Amino acid sequence: MAGLQPRSALSVPFSLSSAFRNLSLTASKRSFSTTLATQKTKQLPDYIPPYPYGPNYVYKQSNSGLYGGAMIQFGNKISKGRNEGKTRRFWKPNVRRKKIYSEALEEWLFIKVTRKALRTIRKSGGLDNYLLDDRPGRVKELGVFGWQLRWKVMQTEKIQEQFRQERKRLGLPEPPSFEEWVAQKEAEIKAQAEDLTNITEITKPTYNEKQY
C-alpha cells in the first residue's frame, strides 16, 4: 500500500529487547541538593567546645533556636461518628520569634523560641540565668544554638567577674590565662618529645654483679 511506511522508517522499536535496552535500573546521582540552607545541620565553630549531646538530626529546625527539647508530635485524630475512625496527624511546636534582652551581652536578641522555653526563661529570671544553668536536663534542652549562645554569654566581662567571685568564695585558685595555658602545653609537648628521643636510659646495658 502506498500510504504505509516500511518498518525501518518507523521510530518505534520493533522488539521488546530493543525497547528496554537503553533503560537503566540504577538511579543517577544529582549534582545539586534540594535541602535549604536553613534545613542543613548547624555546625559549631572550632573555637567553641563541642556540644555534648550533638545536633538534632531528627528535627533540624530546633538547631536554629531555643526549642526547649520540643519536637513534632505524631498521633491520631479520632472522629466523633459511629465508627470512630482514626486519621494520622501531627502537632508542630508553638514557635515564635521573640525579642529577648540579655544583660550580659547588653543587647536585644531576636530568637526563635517555643512557648515552653519562653516560660522557663521567665521562671529562671532572664535569658542569662536560663543559659548558664549547668544541670544536665537544661544543657540537653539548649540545643546547638543555645550552647553557642551560652558560650558567648560566658565570655562577657560581667559573667567572668561572677565566676571570679564564686571561685574566691569557694577558695579555688584562679585559672591560668590563655598565654600561660599555651606555654604550659608547649612545655608538656616538649618534655614528651625529649622523653621519646632520649633513649640513653632505656638502652643502657645492665650487668650482673654475680658474674663479674
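The model is predicted: local features need pLDDT of at least 70, side-chain atom pairs count only at pLDDT 80 or more, and totals for chains, interfaces and linings use all residues. Residues are numbered from 1 along each chain as its sequence is written, and side-chain values use heavy atoms, with hydrogens and water left out.

E141 lies in helix α4. Helices (H or I, at least four residues) and strands (E, at least two) are DSSP runs, numbered from the N terminus. Beyond its neighbours within four places in sequence, E141 is in contact (heavy atoms within 4.5 Å) with residues including Y51 and Y130.

The structure holds five aromatic pairs. Rings of Phe, Tyr and Trp (its six-membered ring) pair if their centres lie within 6.5 Å; planes under 30 degrees apart count as stacked, over 60 as edge-to-face and the rest as tilted. Y51 and W147 form a tilted pair, 5.5 Å centre to centre, with 55 degrees between the planes. This pair links distant parts of the chain: Y51 sits in the loop between α1 (16-19) and β1 (73-78), W147 in helix α4 (residues 136-154), 96 residues apart. Y51 is buried (under 20% relative accessible area; exposed is over 50%, partly exposed in between; 1.4 Å probe, protein chains only), at 10%. W147 is also buried, at 15%. Y51, Y53 and W147 form one aromatic cluster.
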